[in-house]
Structures are given as structure tokens and as C-alpha cells.
Amino acid sequence: MPKGTALPPPEQAAAAKTPDISVDLMKQITKRLSADDFEGRAPSTAVEPKVLDYIVSQFKAAGLQPGNHGEWLQTVPTVEITGSDYTPLTVKGAKTPLSFHFGDQYVAASYRVTPKTQVKDSELVFVGYGIDAPELGWNDYAGIDMHGKTAVILVNDPDYANETEQGLFKGRRMTYYGRWTYKFEEAARQGATAALIVHDTFPAAYGWNVVNSSWTGAQYYVQKPNDGMDQTQANGWVQKPVAEAILKAAGKDLAALSAAAKQKGFKPVPLGLKVSFGFDNAIRRSTSHNVVGILPGKVRPDEYVLYSAHWDHLGHCTPDATGDDICNGAVDNATGVAALTAIAKANAEAGPADRSEVFLAVTLEESGLLGSEYYAANPIYPLDHTVGGVNMDALLPAPRSRSYSMTGGDKSDLTSIFRDTLADEGLSEVPEGHSERGGYYRSDHFSMAKRGVPMFDVGRSSDLFEGGKEAGEKIGEEYTAKHYHAPSDEYSDDWNWDGIVEDADLYYALGRSLADSDFWPDWNEGDEFRAIRDKACAAATGGCHK
């Protein structure tokens, strides 16, 4: 793929750091967005217009222009599906039929907008990790037609138990092929009737309680013209002992098949059993909105660099001991929208970049990245003209850090820009913590990345200039234990903003370096998103095809 210059020249990177990011503006926006009268910024509620009006007013004041063909908002149509009246999951074909209860033994939901889901006598097939990765020569569905069948799939990917990050699937670092979202998407592409992932706490990185709480109650999706009818009828999870019992009834051993599934060339294994289960669906359609602003470029205005942060939070939630039931979301993610706006203002004051810069405050992140997913599926600016971008989410009040990590590891040409920028800032790089948890696939940048657009997601380390790692870890642990997704995630005048300012400075430099260059970053050879980007660029008119 033609890429222009190899990297932005050093003088461009230095210029990218010049403007000050206004800490007073970030304080003002964070405090206002997390105020009680915004009621926790729940999307598709009566308070949303008030939240949107405020963000638009701040985008205007920062110097942005409306980014959606003269409008500030992009409508995001959503559908809420709540399952009920679940039947047991029954398995027939062995000497003794098996039956498993919903909730404690299996969970399921449907991506299809339909009042009733019924999987009946669907043949079970063990498909290993459920991966089709042509660039790696790996296909767990080789030689089988999955129409009418239900896939039984292992969680994570074949290398998850490695101590290092060496291996076809990057060792202990989770790839996209290990994410449960990918597994359900691939099962649908293969034509499967249903898909069931086998839960195992270590490779999943969370217990069954997390699966159970996440998959019971309302599920949110972006509305599609076909109402999701190209998806499986049902997706779900089963407890590991449930899978062991099913495979034993088929005369198979889960441990032995799991070991075989780690080897290249594994073939799917029909189990000779049929599964049935079903449930009703209550359907509610609604809309929310992304806020979109733009600073047009002066040299190549039809090439775009994207900055993103989500504006939504949980709204009213479980009350705390004081009776407070508003999850204000000050850190998560009023800080991100504040940084997004302050970076926009700094860019406007610095003057137009060579490329256009798009600022996107997205909705419904907390419901599954739906706002960014809708934008990526319905881009205002073509993805093959979108160079790359920077996402910002939950900037924690703390002193400055000595180092940052590249979430997702070294996946693309963006790593070189990241390392050069750190050096310019006098900072160092550290490995991403808990890379086995797949953090790269859990925030809004991923909606763009999986469609081939390289995106920065960087993390501030706990190694602080004031107090070192011990102090930094204490701050992080306290936020997670006491304030994350809780009513106590509130703004305080006592916050230390040094770390947030450091974040914003870095985000500005990363984005502006892309915007002031003619560099087109690509994914590393063999990365799961490389083929998607190369295909888009090969077909493009202008953009990365130049």
C-alpha cells in the first residue's frame, strides 16, 4: 500500500506539542457533564438532549464546525431485546437425554429482532476455538457446512496458556480471534444456527457470575435494515461442566479435544447429538446520537484523522448507602469528552493541519460500543480516507506518570509514532498490563480498527513521578474498587489533574503527527486487521490508494 513518507519528520512531531491543553476547560466540562442534573448521561432518556446541547456548545466554542454534512449530530438507531421464559437447554441423541437450566448452567440471547427464538434439534459440532484466520493458515470450520448446526466453541485463542507473547496467536496476549464477539460473528458467517461458548474462568479472565449478569436482562444492539437476520438464531455460553457432560455423552473428552484444538490443522468434530432451547423476546426500539465536529485540513482536506471519546454513562443505578442512585461517570467518561474538546480547541488555535481532523463524541459505549459501531458501519467520512485516530476513555486523576503502554501491543505502524512521541515527551514505554484480557477490543477505537483503520489506544502506567508504582497502583485499585460504575464516580475540586493533562498532551501529539503528515499507517504483516485495510485501500479512489 502506498504510504507517502516513512514517518512524520521530527520537526512536525515537535510542533505537534506546542499548544497548551487547557486544564481549566477540562475541569469545567468534566464537572458539568458529571453534575447530578445530567442524571448520569443515560442514552435515549429525557436527559439526552440536554447533554447533547452542552457538548455541541462546547464543540462550537472550541472552534469546531458541524461534522455531519452541516449538522452536529448523527442519529444512532438502537434496539433493546430482553429475553424471558427460557426453556432448559436439552441435548438428545445419547442413551440418556441431558437438560441444563438457564442462568446457572447456560445463558443465551439473540441478535435477531424477533419476538421468539427457538433452536430445535440442531446438530452439535465442536469447532475448537471457532477461528477462521486465512492469514495464519488456520480454519476451525474447514470441511463442514454449519447450516442447521450449533457450534460449540472454546473461549480465548489457542495460545492463551503461553507464559510469553510468542506464538501464532501472540501467546498470552489475546487476539481478536479470542474475543467472544468474534466467535459469534464468525459462527454467523459460517451459517450456523446457534453458537455456544464454553466458559472457563482462566482463559475468559472472568468468572461465570460476570457472564450470567451480562447475558441476563436487556441486551442492546444497533438497528440494522435486516433486523439481524443474517446472524445466528441464538448465541450463548455454557458452564465448563455442562460442556464436559455433553461431550462425554457423545463419547468424547473435552480436555482431549481442547488439546487437539490448539494444533494447526484441527478439524471440526460432529458430536452426533442435537440441542434444543428457546426464549421469548421483548423488543424496544429507540435512538441516541453521536456528536461530530470537524477542523478541515488545509492541504489534503479529504483525508481524515479521528479523535473519539464516549459521552454516555449508566444513568440511574443501584443506590449507595446514602441513597444516591446517580452514576455520574465523572472519570468514565466525562474526562474523555473534556480532553476531546480541549484537544479540539488546541488544534483550532494551532491552525489547520494538513489533513482534516474529526472529533467524535459517541454514545452507547456502555451498552457495547454501539455509537462507535454505528459510525464505523455508517461512516460520515469514508474509512479508506480515514488515516487513523486516537481514542480516550476514563482518564484517572493522578500525578504524572513516567511511562505509557500501547494497548494491544505492537500491531501497526502507529507503534513507531507512539515511541517517537514518548521520546519527545521524555517518557518511556512499558508493556501493557494483563494483555491476556484483550483490552484493545473493549473500547470505542475497536469499532474502527476491526474495519481496518489503525487506532491509538494508549494507557498511562502506575509508575508515577510522585510516589512511584506503589502510589499509582493504590490510586488505580481504589478507583476500580470504590468508584468504577458506582454513584461515587463524581467530580471533586481536590483532583490532581497532572496525569490527565499528560494524557491530553500525548493524545494531541499523536493525532497531530498523523494530521500534519502524508503517512498512511498500516497494520503489521500477519495482524488480524491487515487484510481488511489492504483490501479497502486496493479498491479505494483517492485516500490510502494514492
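A salt bridge is a side-chain nitrogen of Lys or Arg within 4 Å of a carboxyl oxygen of Asp or Glu. In this predicted model, Asp527 and Lys411 form such a pair, their closest N and O atoms being 2.8 Å apart. Asp527 lies in the loop between helix 14 and helix 15, and Lys411 in the loop between strand 19 and helix 11, so the pair ties together parts that are 116 residues apart in sequence. Asp527 is buried, with a relative accessible area of 4%, and Lys411 is buried too, at 3%. Through shared partners, salt bridges join Lys170, Lys411, Asp527 and Glu528 into one network.

The whole structure holds 29 salt bridges. One of them joins the side chains of Arg172 and Glu436, at 2.9 Å from N to O. Arg172 is partly exposed at 28% relative accessible area, while Glu436 is buried at 19%.

Another salt bridge links Asp227 with Arg285, at 3.2 Å from N to O. Arg285 belongs to strand 13, which spans residues 269–295 and also contains Ser276. Ser276 is buried, with a relative accessibility of 11%. The side chain of Ser276 reaches the backbone nitrogen of Asp121 at 2.8 Å.

Terms used. Residues are numbered from 1 along each chain as its sequence is written. This is a predicted model: local features need pLDDT of at least 70, side-chain atom pairs count only at pLDDT 80 or more; totals for chains, interfaces and linings use all residues. Side-chain values use heavy atoms; hydrogens and water are left out. Helices (H or I, at least four residues) and strands (E, at least two) are DSSP runs, numbered from the N terminus. Buried means under 20% relative accessible area, exposed over 50%, partly exposed in between (1.4 Å probe, protein chains only). A polar contact is a pair of N or O atoms within 3.5 Å; within protein, one must be able to donate a hydrogen and the other to accept it, and residues adjacent in sequence count only if both atoms are side-chain atoms.
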